[in-house]
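Please look through the sequence and the structure, and then read on.

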Amino acid sequence: MFEIAPSILSADFTKLADEIAAVESGGAKVLHVDVMDGHFVPNITIGLPVVKSLRKATKLTIDTHLMIEEPSRYAVQFVEAGADMVSVHVEADVHLQRTLVAIKEAGAKAGIAINPGTPLSSLEEALPYADFVLLMSVNPGFGGQSFIPTSVDKLRRLKKMIDDRGLSTRIEIDGGIDAGNIAEIVRSGAEIIVAGSAVYGRGNPAEAVRELIDKGTAWA
Ligand code: DX5
Ligand code: ZN
């Protein structure tokens, strides 16, 4: 089974509650929240106060993707703010295993996010401590970028890496996913599918989520 995780980065922030209700009615179960610090990525987005407000406004699973330097300074605070899933980038954390354990002890699912240019071998040691891996299929920083085609092969290799180790780590994929490529992505082993512009960039977010579920299910 797979889930659609709409990224609110592409939503209209002046009516965020409506935008969230729309994707929920379309069948989304997870809300993807992109946290950017202007250092790890060349963009600044939202932080803890917004996550706290979102927690009061929705029962959807809140998935915070931390694109920030030194994520260990903030990861547990995001759990306390109401996040159900917190991912930190392998490129940003020199004490990754410790951060993953801290996220889990605080009561959330812990994820390792990995950039397109970073080899899967960098996941090896911390993988048993992660509930999920967030595979980036664009270079993080902005919504609306094109899917990097080699990500499909990387996704398949990640799936094999997890299976070979007998782990139950889930795979989330993020960047450039739409109705045209979701089938292949689901077939290749991804279970949580982030979609920003494909959901919020086309006028009817509920319908867009339904279409993604439909196209993904056809090949699941
Ligand atoms: C990119 C973010 C993504 C982004 C996805 O840095 O991590 O979550 O919102 O947007 P789309 O689906 O438009 O590529
Ligand atoms: Zn993201």
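Glu91 lies in the loop between β4 and α4, where helices (H or I, at least four residues) and strands (E, at least two) are DSSP runs numbered from the N terminus. The model is a predicted one, in which local features need pLDDT of at least 70 and side-chain atom pairs count only at pLDDT 80 or more, while totals for chains, interfaces and linings use all residues. Residues are numbered from 1 along each chain as its sequence is written, chains are lettered from A and ligands numbered from 1 in the order in which they are written, and side-chain values use heavy atoms, with hydrogens and water left out.

With a relative accessible area of 30%, Glu91 is partly exposed; buried means under 20% relative accessible area, exposed over 50%, and partly exposed in between, computed with a 1.4 Å probe on protein chains only. Glu91 and Met67 are separated by 24 residues in sequence and by 9.8 Å in space, C-alpha to C-alpha. The side chain of Glu91 makes a polar contact of 2.9 Å with the side chain of His89, a polar contact being a pair of N or O atoms within 3.5 Å, of which, within protein, one must be able to donate a hydrogen and the other to accept it, and residues adjacent in sequence count only if both atoms are side-chain atoms. His89 itself belongs to strand β4 (residues 85–89) and is buried, with a relative accessible area of 0%. The side chain of His89 also has a polar contact, at 3.5 Å, with the side chain of Asn115, a residue placed in the loop between β5 (109–114) and β6 (132–136) and likewise buried, with a relative accessible area of 14%.

## The zinc site

Which protein atoms are the donors of the zinc ion (ligand 2)? They are NE2 of His32, OD of Asp34, ND1 of His65 and OD of Asp174, and they lie 2.1 to 2.3 Å from the ion. Donors are N, O and S atoms within 2.8 Å of the metal (3.2 Å for Na, K and Ca), and water is not among the atoms, so sites may look incomplete. The site has six donor atoms with angles of 71 to 170° among them and is octahedral; six donors count as octahedral if opposite donors are over 155 degrees apart and all others between 65 and 115.

Along the chain, the donors follow the spacing H-x1-D-x30-H-x108-D. Distant parts of the chain are linked by the pair of His65, in strand β3, and Asp174, in strand β7 (residues 170–174), which are 109 residues apart. Both His65 and Asp174 are buried, and the relative accessibility of His65 is 0%.

The largest pocket has a volume of about 280 Å³. Of the 26 residues that line this pocket, Gly143, Gly144, Asp174, Gly175 and Gly176 are the closest to its centre. On a 1 Å grid over the protein atoms alone, where a 1.4 Å probe is used, a pocket is an open set of points with protein on both sides within 12 Å along at least five of seven lines, and lining residues have an atom within 4 Å of a point. At least two residues of the lining come from each of β2 (30–36), β3 (61–67), β8 (192–195) and α7 (197–200).

In the second largest pocket there is about 180 Å³ of space, and its lining includes Val35, Met36, Asp37, Arg73, Tyr74 and Phe78. Grid points are joined across faces, edges and corners, and a volume is the space filled by probe spheres set on the points.

## Other positions along the chain

Glu70 is found in the loop between β3 and α3 (75–81), and its phi is near 45°, a positive value in a residue other than glycine. At 46% relative accessibility, Glu70 counts as partly exposed. Pro42, in the loop between β2 and α2 (48–57), counts as exposed at 61% relative accessibility. Pro42 and Asn181 are 139 residues apart in sequence and 27 Å apart in space, C-alpha to C-alpha.

Note on methods: Four donors count as tetrahedral if all angles lie between 85 and 135 degrees; four count as square planar and six as octahedral if opposite donors are over 155 degrees apart and all others between 65 and 115; anything else is irregular.
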